[in-house]
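Subject: Structure handover

Hello,

Here is the structure I said I would pass on. My notes on it follow below.

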Amino acid sequence: MLIQLLMNHPEAGAEILRRTPTWVWGLLAGLLTLGATQLRTRHIGLRRAAALAMGLTAFSLISLGGDLAAGPWLAPGLLVWLAAGALVLAWRGPRALPPGAAHDPATGLFTLPGSALPLLTIAAIFLLKYGVGVELSMRPGLRLDPLFALSMAAGYGALTGLFSARPVALWLMAGRRA
């Protein structure tokens with residue numbers, strides 16, 4: 001509905017932006033700053049690499065729970081979220097590290113060349129949450145629609161899997177196979 005509204009009435013975009021709470025723009029600035037740090041080469045430990053993925057996983061789950069809590073699709077949505085995340089993680093995991101990534105066993109640090117993928121993934125998670133929020137504010141009944149609820153859950157899950165692939169690949173690079 002949002003895309004259709006904006007295509008037929010582009011002036012509605014300005015009104016949507018005006019009605020967006022100020023804190024949302026602060027959150028976006030913080031997330032983009034965080035993503036921008038991923039553009040340069042860094043030397044980090046596994047915990048630090050995993051912390052960002054865990055934070056975005058929590059954001060994804062909290063978003064899903066908040067968006068579906070008032071409807072019957074929360075439990076199935078969680079299963080779809082988990083399945084989508086696992087599929088993307090399995091697909092992306094082996095290729096999650098940019099060329100030149102290395103591990104120093106002596107220090108336990110990883111050298112990660114800069115990459116735009118984390119920034120783009122963070123932006124995609126934000127845009128999905130923002131779009132869902134706008135849709136649900138215009139049509140709260142959408143949370144009862146199984147297609148909307150489960151496709152939203154799949155989107156959140158897929159992006160979580162994509163972002164989680166990097167720390168998993170680092171863990172495997174360090175030789176900590178389960």
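I begin with helix 3, which runs over residues 22-36. Its 15 residues reach 21 Å from the first C-alpha to the last, close to the 21 Å expected at 1.5 Å a residue. Val24, Leu28, Leu31 and Gly35 are the buried residues I noted in helix 3. They cover an arc of only 70 degrees around the axis, which puts them on the same side of helix 3. The face turned away from that buried side carries Thr22, Trp23 and Thr33, which are exposed. As for neighbours, the buried residues of helix 3 pack against helix 4 and helix 6.

Please keep in mind that this is a predicted model. The protein has an average pLDDT of 89, and 93% of the residues score at least 70. Confidence is lowest in helix 1 (residues 2-8), with a mean of 65, and highest in helix 5, at 95.

Helix 5 covers residues 74-92. Its 19 residues should span 27 Å at 1.5 Å a residue, and the end C-alpha atoms are 26 Å apart, which agrees. Buried in helix 5 are Gly77, Trp81, Ala84, Gly85, Val88 and Arg92. Because they cover an arc of only 100 degrees around the axis, they lie on the same side of helix 5. Ala75, Leu79, Leu82, Leu87 and Ala90 are exposed, on the face turned away from the buried side. What do the buried residues of helix 5 pack against? Their partners are helix 4 (46-68), helix 6 (117-138) and helix 7 (146-173).

Now the strands. Strand 3 (residues 109-112) has side chains that alternate along its length.

Strand 3 pairs with strand 1 (residues 42-44) in the antiparallel sense, over three bridges. In that pairing, His43 stands opposite Thr111. Strand 3 also pairs with strand 2 (residues 102-104), again antiparallel and over three bridges. Here the bridge partner of Ala102 is Thr111.

Strand 2 and strand 3 form a hairpin, with four residues between them. Gly108 sits in the turn and has a positive phi of about 80 degrees.

Regards

How values were computed: Residues are numbered from 1 along each chain as its sequence is written. Side-chain values use heavy atoms; hydrogens and water are left out. Helices (H or I, at least four residues) and strands (E, at least two) are DSSP runs, numbered from the N terminus. The expected span of a helix is 1.5 Å times one less than its number of residues. Buried means under 20% relative accessible area, exposed over 50%, partly exposed in between (1.4 Å probe, protein chains only). The arc is that of the directions from the helix axis to the C-beta atoms. Contact means heavy atoms within 4.5 Å. Two strands pair if DSSP finds at least two bridges between them. pLDDT is the predictor's confidence in each residue, from 0 to 100.
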